[in-house]
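Please keep the 3D view open while you read.

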Amino acid sequence: MPRGALIVLEGLDRSGKSTQVDRLVARLNAEGHRARLHKFPDRTTAIGKMIDAYLRSATDLDDRAIHLLFSANRWECHAAIEKDLADGITVVADRYAFSGIAFSAAKGLDFTYCLSPDTGLPLPDTTLYLTLSPETAAQRGAYGAERYENVDTQKAVRAQFAKVAKEVARRHGDARWVEVSAEGSVEEVERDIWGVVEDVVRRVKDEPVGRLWE
Ligand code: 2DT
Ligand code: MG
């Protein structure tokens, strides 16, 4: 049976990522591709609850400890994702290992260290990175109250995402990381995303799922 695609959306806060993942899943289903959304962190699991408490600043954790928990949160879900892909269901992930690297490296953890715990996870067939200027982000209103939701952190994370993009291209080829401008209207961004995803879903049907960083 033709497999589903693993499509990841990444981007800074206020880039409209949550709106776009919902629209993408609805569009895929409407066009006859079965699709399912998977948000990372997945806050519903036991590990996810620890992550949620950390993000709400209800608890403090060592930088490496929380980095590994975010990765463990992906590992506890990988079997379900791989089963969906094998069953022909396209999985749309709202964030993935790339956020894990960018946010931890932005705090000063070594970049190569940050890559390692996610090695071997299912490789996204494409990652759409929603880009947004700091000015537009500011116009879209105040950040939320969670950890990382402030201008300085977002700036540092943006710089790390640029390194992640290079690393993905170097290890897995240019086509795996696609920048999409999030400056336009919701409909414009949706159209640009669909232009990429429609092709990928068709193209990967008979290809094996790759392994991240391998
Ligand atoms: P949301 O606002 O999208 O719920 O994200 N994060 C996320 C990390 O630091 N490491 C990770 O591996 C992942 C997936 C990004 C919550 C915050 O968690 C950060 C923002
Ligand atoms: Mg957030």
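What follows looks at the ligand site and then at some individual residues.

This is a predicted model, in which local features need pLDDT of at least 70, side-chain atom pairs count only at pLDDT 80 or more, and totals for chains, interfaces and linings use all residues. Residues are numbered from 1 along each chain as its sequence is written, chains are lettered from A and ligands numbered from 1 in the order in which they are written, and side-chain values use heavy atoms, with hydrogens and water left out.

**The ligand site**

Let us begin with the pocket. Ligand 1 sits in the largest pocket. A pocket here is an open set of points, on a 1 Å grid over the protein atoms alone, where a 1.4 Å probe fits and protein lies on both sides within 12 Å along at least five of seven lines; a molecule sits in one if more than half of its atoms lie within 2 Å of its grid points.

Which residues are around ligand 1? They are Phe40, Pro41, Arg43, Leu55, Phe70, Arg74, Arg95, Tyr96, Ser99, Gly100, Phe103 and Tyr148, each with a heavy atom within 4 Å of the ligand. By type, this shell holds seven nonpolar, two polar and three charged residues. In this scheme Ala, Val, Leu, Ile, Met, Phe, Trp, Tyr, Cys and Pro count as nonpolar, Asp, Glu, Lys and Arg as charged, and the others, Gly among them, as polar.

Two helices, α3 (63-86) and α4 (97-106), each supply at least two residues of the shell, and α4 gives the most, with three residues. Helices are DSSP runs of H or I with at least four residues, strands are runs of E with at least two, and both are numbered from the N terminus.

| Residue | Atom in the residue | Distance to an oxygen atom of ligand 1 |
|---|---|---|
| Arginine 74 | polar side-chain atom | 2.8 Å |
| Arginine 95 | side-chain N or O atom | 2.7 Å |
| Glycine 100 | polar backbone atom | 3.3 Å |

The protein covers 88% of the 470 Å² of accessible area that ligand 1 has on its own, with areas taken from the Shrake-Rupley method and a 1.4 Å probe.

Phenylalanine 70, one of the shell residues, lies in helix α3. Its relative accessibility is 14%, so it counts as buried; buried means under 20% relative accessible area, exposed over 50%, and partly exposed in between, with protein chains only as cover. The C-alpha atoms of phenylalanine 70 and isoleucine 51 are 7.1 Å apart, although 19 residues separate the two along the chain.

**Backbone geometry**

Most residues other than glycine have a negative phi, and most peptide bonds are trans. The peptide bond from phenylalanine 40 to proline 41 is cis, with omega near -5 degrees, and proline 41 lies in the loop between β2 (35-39) and α2 (46-55).

Serine 57, in the loop between α2 and α3, has a positive phi of about 60 degrees and is partly exposed at 47% relative accessible area. Tryptophan 213 has a positive phi of about 65 degrees. Is tryptophan 213 buried or exposed? Its relative accessible area is 6%, so tryptophan 213 is buried, and its place is in the segment after α8.

**Exposed positions**

Proline 208 is also found in the segment after α8 (186-203), and its 71% relative accessibility makes it exposed. Glycine 108, in the loop between α4 and α5 (111-115), counts as exposed at 61%.

Terms used. A polar contact is a pair of N or O atoms within 3.5 Å; within protein, one must be able to donate a hydrogen and the other to accept it, and residues adjacent in sequence count only if both atoms are side-chain atoms. On a 1 Å grid over the protein atoms alone, a cavity is a set of points where a 1.4 Å probe fits but cannot get out, and a pocket is an open set with protein on both sides within 12 Å along at least five of seven lines; lining residues have an atom within 4 Å of a point. Buried means under 20% relative accessible area, exposed over 50%, partly exposed in between (1.4 Å probe, protein chains only).
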